[in-house]
Structures are given as C-alpha cells and as structure tokens.
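Dear colleague,

Please find the structure below for your review. My notes on it follow directly after.

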Amino acid sequence: MSRLIYILNGPNLNRLGTREPHIYGAETLAMVKQRCADRALSLNLEIDFRQSNFEGDLVESVHDAVDRKAAGIIINPAGLTFTSVVLMDALKMFEGLKLELHISNVHAREAVYHNSLMSKVVTAVVAGMGTDGYIHALDWLANRLTEI
C-alpha cells in the first residue's frame, strides 16, 4: 500500500511567519515543510508538500494525488475552504484519507469562517492547533494506514 501523503496549502500560506502572526504564529511555511518532512521520515511516510495561491493549481495537485494513488491528503485550503466548489469536487474524486487542516480555530473566528465546503467531503478536520496540527495530522494518517 502507498505511504505517499500530499500536503496541500492554499492562498496566502506562503506568508506564514509574517501574516497576522498573532493568529497564525511566527513559523514560516518552509519551517512547517521541514517539520513535516522530519516527521514523515520517522513514520515511514513519503510526502509531497505544495503551496499555491491559485485554485486551479490546488485542483491539479488533488488530481496528481488521485493519479499517483496517494494514501492521503492533508489540505489547508485557506480562504478557498469557504468558496471553492471546484476544489471540493476534486477532493470527492480522491478515495484515500483526507484531512482538512486549519492553523487557527476557524469556529472561534468571524462567521465567514464557519461554513467549510471541504468538511463535507473529508475524513477528518484538524483546527486550532497552530502549525502543530500538521504533525498531528501526519501521526493520525500513519496510525490509520497501519490499521488498513
């Protein structure tokens, strides 16, 4: 069975560390990527870590995960969480485990952040754990893959 996990990051996440650090923290996306790579290695997982500010690029990344028969997707769709029917539809095509991830607790924020389209099609949601959520998501996926 595949041990490949896609970690997809949406718009503005390339600005982690400088964008609203009081909400998202001081860690950069490069630092998150390195932490994920280190954890994946310890869990015997392979990761494909990507970020794009463009909806179509993220849809193509989901298609790549489908075509490569990845075991799972961790996706932080950022602002697309609440608006992108096309990204939600792409995620429907992926048959593996899918985790929606948010650095902040979107449910404790303004109402615009409360209705996730992605939550309707994913296996689980991680929110409000800061960038540690990425590590928890990898741990959860690794545990689920050993159960299958």
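From strand S1, Leu 4, Tyr 6 and Leu 8 point one way and Ile 5, Ile 7 and Asn 9 the other, and all are buried (under 20% relative accessible area, with a 1.4 Å probe and protein chains only). In a regular strand the side chains alternate between the two faces of the sheet. Because six of the six residues of S1 are buried, S1 is largely enclosed by the rest of the structure. Strands here are DSSP E runs of at least two residues and helices are H or I runs of at least four, numbered from the N terminus.

This is a predicted model, in which local features need pLDDT of at least 70 and side-chain atom pairs count only at pLDDT 80 or more, while totals for chains, interfaces and linings use all residues. Residues are numbered from 1 along each chain as its sequence is written, and side-chain values use heavy atoms, without hydrogens and water.

S1 pairs (at least two DSSP bridges) in the parallel sense with strand S2 (residues 46-51) over six bridges; Ile 7 has Phe 49 as its partner there. Strand S3 (residues 72-76) also runs parallel to S1, joined by five bridges, and Gly 72 in S3 is the bridge partner of Ile 5.

Yours sincerely

Conventions
Buried means under 20% relative accessible area, exposed over 50%, partly exposed in between (1.4 Å probe, protein chains only).
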